[in-house]
Amino acid sequence: MVGTSMSEFNPSNPDHIYFLCSLALKVGKNAMVYFHQDIEVETKDNNSPVTIADREGEEIIIQGIESQFSKIQIIGEESSEKGLPDKIDDKFFLLDPLDGTKEFINKRTDFTVNIGFIDKTEPVCGIVYAPALNRLFFSLDGRAYETDISPDDKIINDEDALHSKLANAKEIRVRPTPEDGLVVVASRSHRTAETDEYLATLSVKQLVSAGSSLKFCLIAKGEADIYPRFGRTMEWDTAAAHAVLLAAGGSVVDLQENPLGYGKMERGLDNPFFIARA
């Protein structure tokens with residue numbers, strides 16, 4: 001398996017990817033404990049909500065990554081509340097331990113755990129786990145996969161059994177553009193007038209509201225076709241699921257059709273408006 005600490009992370013190494021999957025699963029398991037409780041909700045300086053599940057989740061991931069890939073920079077949503085690093089390395093992990101916190105607080109199921117890895121501005125590895133839906137998405141060696149794992153499954157703490165299950169995960173791909181119209185996924189909590197104006201230019205068969213990075217994964221799985229985002233997002237919100245979508249044959253571009261990149265220190269690591277599509 002992963003073994004002793006190592007400085008290099010390889011997005012084509014199954015053991016490395018499965019290790020990150022195990023971290024995401026553990027964070028999902030931890031989040032579900034709080035999901036079934038009434039918990040305190042704090043408000044961060046940017047007016048976004050945060051809970052103990054967010055903070056504990058990020059700590060689980062950071063400790064895990066540091067135990068194996070100690071020399072690689074880690075940037076997480078919660079730790080970034082104290083300020084961004086002065087310099088972004090060519091290779092770094094981007095974490096959002098609980099994307100869709102509003103959904104989580106409101107007891108909706110479409111929140112996710114996200115671990116992304118960036119190499120020279122490109123998302124080359126992504127792990128996305130939706131624990132309330134038992135759905136785990138990940139990329140490995142340029143391909144995308146999905147498998148079902150419940151946060152209560154004992155396999156999460158059985159390394160050999162977990163690796164065996166992940167090795168048999170189903171490869172997923174985006175689908176061809178449907179002739180009878182597009183299935184569009186849009187944000188439930190952050191819908192804007194610009195989004196509605198853009199949707200008016202498309203042949204839309206169905207509009208699906210969803211929270212969190214799960215929207216990218218629905219396109220990667222061929223369950224939807226396009227996700228327009230005309231609202232603010234941060235790089236940790238999108239990196240992991242973006243990598244999954246790329247590996248499944250999709251793309252994410254800004255409004256000038258440039259690929260969405262990462263490490264944008266000049267923007268404070270926020271994203272421009274973008275279109276994710278098959």
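This is a predicted model: local features need pLDDT of at least 70, side-chain atom pairs count only at pLDDT 80 or more; totals for chains, interfaces and linings use all residues.
Residues are numbered from 1 along each chain as its sequence is written. Local features need pLDDT of at least 70 and side-chain atom pairs pLDDT 80 or more, while totals for chains, interfaces and linings use all residues, and side-chain values use heavy atoms, with hydrogens and water left out.

Reader: Between which two strands does the loop with lysine 264 lie?
Author: Strands are DSSP runs of E with at least two residues, numbered from the N terminus. On that basis, the loop that holds lysine 264 runs between strand E13 (251-254) and strand E14 (274-277).

Reader: Is lysine 264 buried or exposed?
Author: A residue is called buried under 20% relative accessible area, exposed over 50% and partly exposed in between, using a 1.4 Å probe and protein chains only. Lysine 264 has a relative accessible area of 11%, and therefore it is buried.

Reader: Which backbone oxygen does the side chain of lysine 264 reach?
Author: Contact here means heavy atoms within 4.5 Å, and, leaving aside residues up to four places away in sequence, lysine 264 touches Glu235, Leu269, Asp270, Asn271 and Pro272. The side chain of lysine 264 also reaches, at 2.6 Å, the backbone oxygen of glycine 261.

Reader: What radius of gyration does the protein have?
Author: The radius is taken over C-alpha atoms, and the globule rule is 2.2 Å times the number of residues to the power 0.38. For 278 residues a compact globule would have a value near 19 Å, which agrees with that of the protein, 17 Å.

Reader: What share of the residues in the protein is buried?
Author: The C-alpha trace spans about 55 × 40 × 40 Å along its principal axes. Of the 278 residues in the protein, the buried ones make up 55%.

Definitions and conventions:
Helices (H or I, at least four residues) and strands (E, at least two) are DSSP runs, numbered from the N terminus. A polar contact is a pair of N or O atoms within 3.5 Å; within protein, one must be able to donate a hydrogen and the other to accept it, and residues adjacent in sequence count only if both atoms are side-chain atoms.
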